[in-house]
2 protein chains.
Amino acid sequence: MTLRLDTLTFDCADVMHVARFWTDALGWELDPESEPDGALVRDPSGRSDGLYFQPVPESKVAKNRLHLDLRPSGSMAAEVERLEGLGATVVRRVDEEGSFWTVMQDPEGNELCVLRGPEDGWSPEG
Amino acid sequence: MTLRLDTLTFDCADVMHVARFWTDALGWELDPESEPDGALVRDPSGRSDGLYFQPVPESKVAKNRLHLDLRPSGSMAAEVERLEGLGATVVRRVDEEGSFWTVMQDPEGNELCVLRGPEDGWSPEG
């Protein structure tokens, strides 16, 4: 292996607005050394790669071609409601092939999906 | 924590074309059970979350607002050349604040950055 994933970087109009949303959404931590040019948000468990938020002059004009899928520890509905309280919006709920998930956008419109949790009949074994 | 990262999902015109690029770029493995509707690519070391590739009808019309940053185990130049051989293209090289990196696009135009490696003077301690 000659390349490894380092960070996933978000283009932002308001870096701290988006960074705080993802910090609260995932229960991760803002690296205090990363401001003010950009914000680095780390998974305190070390399980996932970090997220980096950088300022860009242009605004979002189309659906992103990649997005994060998020797995609830409880139910999808509870997490969707919690993310709405943090500033995300629901785009649509999808029911497909015996599964379902909720498409949302973060406060700057970046798409994300909230998947089913254990309380929705999902199990790690499929 | 009530949400965890599950997968990072790419919208694709040609699922297997994009999935094979990322499999080769990262040295990851295609999950044989994930075809034909979508392709799941996993990090065999378990260090990173998986990538999922799904078909969508629309094509890419603007720069994605999020992208992956990739860290070479050797040098940036060698990895940029290797990724070009896999079908990626160079968008530009950026030199900024004592650092540098190369902005590229995967075979369907998804932006990615190849960072400096140990042979470029980078070290994990900064």
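In this predicted model, chain B and chain A together bury about 4,400 Å², buried area being the accessible area (1.4 Å probe) that two parts lose on being put together, summed over both, and 48% of this area lies on carbon and sulfur atoms. Of the area that chain B buries against chain A, 22% is supplied by Leu3(B), Arg65(B) and Leu66(B), more than by any other three residues. The contact, defined by heavy atoms within 4.5 Å, takes 47 residues from chain B and 47 residues from chain A. Residues are numbered from 1 along each chain as its sequence is written, and chains are lettered from A in the order in which they are written. Local features need pLDDT of at least 70, side-chain atom pairs count only at pLDDT 80 or more, totals for chains, interfaces and linings use all residues, and side-chain values use heavy atoms, with hydrogens and water left out.

Ten salt bridges are found across the interface of chain B and chain A, the criterion being a side-chain nitrogen of Lys or Arg within 4 Å of a carboxyl oxygen of Asp or Glu. A salt bridge links Arg47(B) to Asp49(A), with the closest N and O atoms 3.0 Å apart. On the side of chain B that touches chain A, β1, α1 (15–26), β5 (66–72) and α2 (76–85) of chain B each supply at least two residues, where helices (H or I, at least four residues) and strands (E, at least two) are DSSP runs numbered from the N terminus. The largest share of that side, ten residues, comes from β1(B).

Strand pairing, for which DSSP must find at least two bridges between two strands, also joins the chains. An open sheet of eight strands with mixed pairing has the order β6(A)-β7(A)-β8(A)-β5(A)-β1(B)-β4(B)-β3(B)-β2(B). Its edges are formed by β6 (89–96) of chain A and β2 (29–30) of chain B, each of which has a single partner strand, so one side of each is left without a neighbour in the sheet. Strand β5 (residues 66–72) of chain A pairs with strand β1 (residues 3–12) of chain B in the antiparallel sense over six bridges, and Pro72(A) stands opposite Leu3(B) in β1(B). Helix α1 (residues 15–26) of chain A packs on this sheet, touching β5 and β8 (111–114) of chain A as well as β1 of chain B, and its direction makes about 125 degrees with that of β1(B), the axes being lines fitted to C-alpha atoms, for helices over the stretch in contact, with angles from 0 to 180 degrees between N-to-C directions. Strand β1 (residues 3–12) of chain A is likewise joined to β5(B) by six bridges in an antiparallel arrangement, and Leu8(A) has Leu68(B) as its bridge partner in β5(B).
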